[in-house]
Amino acid sequence: MSALPQTKRSPRRVGVAARRIAWPALALALILAVDGLITPGFFSIRIVEGRLFGNLIDILYRAMPIAVVALGMSVVIGAKGVDLSVGSVVAIAGAVIAWRIHRGDPHLLILFWALGVGLLCGVWNGLLVAALDIQPIVATLILMTSGRGIGLMINLLYGGTDPSFSSPLLQFLSVGHLGLVPTRLVLGAVIFAGLWLLVRRTAFGMFVEAAGENARAAELSGVQARLVRFASYVVCGLCAAWAGVVLTADTHTSDPVSEGLYIELDAILAVVIGGGSLSGGRIYLGATVLGAVVIQALTTSILTSGLPPEYNLVVKAAVVIAVLLLQSKNARGLAFSLARGEKR
Amino acid sequence: MNERYRPLAATATVFVALFVAGGLLYDNFFSTLVLGDILADNAFVIVAAIGTTFVIISGGIDLSIGSMIGFVGVVIANLDAAGWHPLVSAGMTLAFGAAFGALQGLVVDFCEIQPFIVTLAGLFLLRGACFMINLDSTPIRHPFVEAFAAASVPLPGGGFLASSAIVMFVALAAAIVVAHFTAFGADIYAIGGDRTSAALMGVPMRRTVVGAYAVGGLYSALGGVIYAFYTSSGYPLAGTGAELSAIASVVLGGTMLTGGVGLVAGTLIGGMILGLIATLINFNGSLNGAWIMVSSGALLFVFIVLQRTLIAPSRLRIGG
């Protein structure tokens with residue numbers, strides 16, 4: 001298999017890859033440049049109490065849950081699917097964590113509970129899409145609609161009056177530090193590396209892209225497209241569950257109604273800003289992380305720039321539209337011809 | 001029976017079965033009062049869902065519904081405070097809704113960006129605009145709105161058909177005419193069924209796609225007007241998540257999210273099923289909101305699986 005990635009990275013493809021990453025990178029550079037102008041010392045990174053501290057670190061820190069969800073999403077989207085239920089999976093994982101902590105389980109075991117639930121959600125979505133051939137938006141809409149209700153019901157398992165908890169282990173994984181660096185960033189890097197190895201150093205990534213590009217052709221050339229699509233949802237469920245661990249440990253409580261609300265939209269957005277097409281066939285892990293960082297950088301800069309937080313959504317929408325228009329060939333063509341004063 | 005009416009029949013059967021089950025379980029459930037309440041409470045979502053049906057049949061999706069409902073309400077409430085007549089501001093917001101929808105459609109078609117993402121940007125934009133206008137609920141105190149909220153037609157059996165439900169039925173009738181008796185409606189079905197064939201047959205692609213999203217935007221805005229009049233207020237968080245209920249109503253109504261297949265009338269029954277579930281759970285008293293979410297999801301699951309395995313087995317395709 002090791003020969004394949006090399007043949008794929010012909011000079012032309014590298015050029016395409018560079019151009020693809022150029023737009024989100026440009027967007028990020030622009031956002032940060034504006035920040036640098038508005039907020040003096042925006043880029044300074046200091047060491048406070050033995051930890052890295054600064055706006056740039058903060059952006060990465062807050063982007064990590066979205067980025068992890070978006071990584072899973074990029075695999076699903078690569079297989080021509082979409083997973084709307086990731087926010088619900090975050091909520092369910094959070095509820096399960098609070099429930100098991102109240103039951104007195106060892107906290108290391110609870111991690112496996114959370115991941116197991118994510119796995120189960122992924123299996124459910126995967127079965128609906130791959131075995132029953134239900135359209136991905138509809139299939140995952142089911143868990144999206146009911147997932148937060150399931151989370152609320154899990155809270156009721158132990159009375160549900162106080163779903164808050166404290167857990168040194170989980171808090172270390174979420175808000176703690178490993179030396180200078182926040183633990184969640186280290187773990188995020190580990191997850192990224194793991195996924196990258198899975199996607200780019202095994203045949204899995206190629207199978208996913210083949211199944212996403214043309215399921216029939218993939219089947220005919222011996223790829224088990226159904227199995228591959230199924231697996232992509234399992235990967236996504238696991239990623240969402242990990243985001244659930246991080247977000248729940250951050251707030252010390254399980255709040256199924258609002259935890260991870262709209263994270264599916266941010267995650268899909270991150271994939272699209274990273275150049276991924278919802279029509280499937282490609283997985284861009286690095287660009288997806290970049291997309292998630294762009295989204296968070298935007299949010300952070302609105303907050304630090306002194307604009308009222310009410311402007312957050314509008315500015316976000318404007319940037320999304322701008323990035324999308326830049327990526328669209330037709331819109332670029334129109335802009336260029338307008339700039340040259342030509343009539344179309 | 002004609003194959004295209006089968007999903008509608010299935011949806012109607014589910015609704016009747018649930019309604020009868022409610023009547024057997026609870027006293028006073030089997031009445032036009034309950035039916036009228038379901039219609040009145042869900043009219044705004046159903047109207048928005050009817051518009052979305054056009055977008056979905058054309059092969060697209062519209063996520064901006066909920067934000068549009070909130071935005072329209074906030075605008076009407078603020079214009080009311082500025083002394084505008086609600087009907088004038090309602091007309092203006094309807095025009096805005098259609099224009100905003102058309103713009104989304106234009107971006108989808110011209111820039112070839114996935115509708116999911118374009119309308120997601122629309123969701124953020126309109127909800128953000130709500131927050132920029134004001135953060136609190138604003139009352140609408142115009143006598144016309146008070147009269148509208150109170151107006152209703154008595155039904156046999158002690159129930160009432162609220163004014164919002166009447167507006168909904170008028171909007172539904174108009175939508176049925178447009179979808180099934182005009183060339184524009186046929187074009188939408190053609191594009192959703194098979195884009196390439198439609199283009200080869202000379203269907204005006206851009207005009208039709210833009211038109212479908214314009215109808216979606218217009219009906220979402222109408223949903224917002226109904227909601228604002230019904231609640232006599234504009235609230236920036238109004239309609240949060242309504243896009244989910246609307247899409248679920250469309251799916252329960254037998255419309256395929258792949259496009260090209262579905263009936264506008266099905267959406268009405270789909271929306272009423274969701275309303276009925278919420279009412280059933282409220283009647284029970286010992287269950288809470290979590291049950292509404294879980295049972296709506298469960299019903300969605302049952303229905304989709306049935307649709308997939310029984311009703312349209314010939315439409316099974318690899319790749320979804």
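The lining of the second largest pocket draws at least two residues from each of α4 (86-103), α6 (136-156) and α12 (263-273) of chain A, and from each of α2 (32-57), α5 (115-133), α11 (242-252), α12 (264-284) and α13 (289-311) of chain B. The model is predicted, so local features need pLDDT of at least 70 and side-chain atom pairs count only at pLDDT 80 or more, while totals for chains, interfaces and linings use all residues. Residues are numbered from 1 along each chain as its sequence is written, chains are lettered from A and ligands numbered from 1 in the order in which they are written, and side-chain values use heavy atoms, without hydrogens and water. Helices are DSSP runs (H or I, at least four residues), numbered from the N terminus.

A pocket is an open set of points on a 1 Å grid over the protein atoms alone, where a 1.4 Å probe fits, with protein on both sides within 12 Å along at least five of seven lines; lining residues have an atom within 4 Å of a point. The second largest pocket holds about 1300 Å³ of space, the volume being that filled by probe spheres set on the points, which are joined across faces, edges and corners. Of its 48 lining residues, Thr240(B), Gly241(B), Ala242(B), Leu244(B) and Ser245(B) are the closest to the centre. The largest share of the lining, eight residues, comes from α2(B).

Over all chains, the structure holds eight salt bridges (a side-chain nitrogen of Lys or Arg within 4 Å of a carboxyl oxygen of Asp or Glu). In chain A, Arg100(A) and Asp105(A) form one of 2.7 Å, N to O. Arg100(A) counts as buried, at 13% relative accessibility, and Asp105(A) is buried as well, at 14% (buried means under 20% relative accessible area, exposed over 50%, partly exposed in between, with a 1.4 Å probe and protein chains only). Arg200(A) pairs with Glu209(A), with 3.0 Å between the closest N and O atoms; both residues are buried.

In chain B, a salt bridge of 3.5 Å, N to O, joins Arg195(B) and Asp109(B). The two residues are 86 apart in the chain, Arg195(B) in helix α9 (residues 195-200) and Asp109(B) in helix α4. Arg195(B) is partly exposed at 43% relative accessibility, whereas Asp109(B) is buried at 11%. Shared partners join Asp109(B), Arg195(B) and Arg206(B) into one network of salt bridges.
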